[in-house]
Amino acid sequence: MDIYTEPDGDPDTLANLGPLGPMAGIWQGAGGADQHPVAEGDGHDAYVEQYELQPIDRQTNGPQLFYGLRYHVHIVKPGEVETFHDQVGYWLWEPATEEITFTLGIPRGQVLLANGPAAPDAREFELHATLGTEVYGILSNPFLQTYFRTVSYRIHVTVNDDGTWSYEEEGMLDVPGRDELVSHSDRNTLTRIAPPTLNPLAADAVGSDGSLGIGDLRQKGTSQT
């Protein structure tokens, strides 16, 4: 098996995102709902979210080929300016295996890598990560690992017919003093407020106008009117 030769791929990431395609762009959602453990049991918070997903150039590991979106999530509580949650990472689509890989990093000292199957035209998909595995796992700093240990994670995405998309995610936590695992869940529906920008290779292919027209990407040097 040749593990070194990289495929050429396509410069147009937006045309090759499979089930991730409808998620590209900048989104907002004011109906976020968070449930998390507190000393007295479960705490509940509403939140307002901005979720930006921008296409990146194709990525390769030898023959493995990904098309993906780089994302940044910023969340506040209604009427407040202090950050309630901040998160960065990538959504990656691998056409050859029809799988999605999701990376998550938060500034409280935790990262994870989740994965799941999805058909190219899927309108729903679910990804999973598990503590203690060498692939698609979860890593935390010593405090979180000791007192709020995340043993599993899942995220379920639904692309809605009205152009919005929704997610529901859940981490199962092992918390000292609790007889059972505790759920930390978040859900929201997001509405697009701005289109995505072209990835660098695609922008170079269409020239200076930066048109998002797919036809432009396949006819280098032309512009769409």
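**View 1. Seven salt bridges are counted in the model**. A salt bridge is defined as a side-chain nitrogen of Lys or Arg within 4 Å of a carboxyl oxygen of Asp or Glu. The structure is a predicted model, in which local features need pLDDT of at least 70 and side-chain atom pairs count only at pLDDT 80 or more, whereas totals for chains, interfaces and linings use all residues. Residues are numbered from 1 along each chain as its sequence is written, and side-chain values use heavy atoms, with hydrogens and water left out.

**View 2. Glu-126 and Arg-154 form a salt bridge between their side chains**. The N to O distance is 3.8 Å. Glu-126 belongs to strand β7 and Arg-154 to strand β9, so that the pair links distant parts of the chain, 28 residues apart. Helices (H or I, at least four residues) and strands (E, at least two) are DSSP runs, numbered from the N terminus. Glu-126 is partly exposed at a relative accessible area of 26%, and Arg-154 is likewise partly exposed, at 22%. In these legends, buried means under 20% relative accessible area, exposed over 50%, and partly exposed in between (1.4 Å probe, protein chains only).

**View 3. A salt bridge network contains Glu-126, Arg-154, Glu-168, Glu-170 and Arg-187**. Glu-168 is buried, with 18% relative accessible area, whereas Arg-187 is partly exposed, with 40%.

**View 4. Arg-149 and Asp-174 meet in a salt bridge**. Their side chains are 2.6 Å apart, N to O. With Arg-149 in strand β9 and Asp-174 in strand β10, the pair ties together parts that are 25 residues apart in sequence. Arg-149 counts as partly exposed at 29% relative accessibility, as does Asp-174 at 28%.

**View 5. Side chains alternate along strand β7 (residues 124–130)**. Phe-125, Leu-127 and Ala-129 point to one face and are buried. Strand β7 pairs with strand β9 (residues 149–159) in the antiparallel sense, over seven bridges; two strands pair if DSSP finds at least two bridges between them. The bridge partner of Glu-124 in β9 is Thr-158.

**View 6. Thr-150 and Gln-110 are joined by a polar contact between their side chains**. The contact spans 3.2 Å. A polar contact is a pair of N or O atoms within 3.5 Å; within protein, one must be able to donate a hydrogen and the other to accept it, and residues adjacent in sequence count only if both atoms are side-chain atoms. Thr-150 is placed in strand β9 and is buried, with a relative accessible area of 8%.

**View 7. The largest pocket has a volume of about 740 Å³**. It is lined by 31 residues, of which His-85, Ile-106, Arg-108, His-184 and Asp-186 are the closest to its centre. On a 1 Å grid over the protein atoms alone, a pocket is an open set of points with protein on both sides within 12 Å along at least five of seven lines, while a cavity is a set of points where a 1.4 Å probe fits but cannot get out; lining residues have an atom within 4 Å of a point. Grid points are joined across faces, edges and corners, and a volume is the space filled by probe spheres set on the points. Strand β10 (residues 165–174) gives the most to the lining, with five residues. By class, the lining has 18 nonpolar, seven polar and six charged residues. Ala, Val, Leu, Ile, Met, Phe, Trp, Tyr, Cys and Pro count as nonpolar, Asp, Glu, Lys and Arg as charged, and the others, Gly among them, as polar.

**View 8. Glu-98 has a positive phi, near 55°, in a residue other than glycine**. Glu-98 is in the loop between β4 (83–94) and β5 (99–106) and is partly exposed, with a relative accessible area of 36%.

**View 9. Tyr-136, not a glycine, has a positive phi of about 55°**. Tyr-136 is in the loop between β7 and β8 (138–140) and is partly exposed, at 31% relative accessible area.
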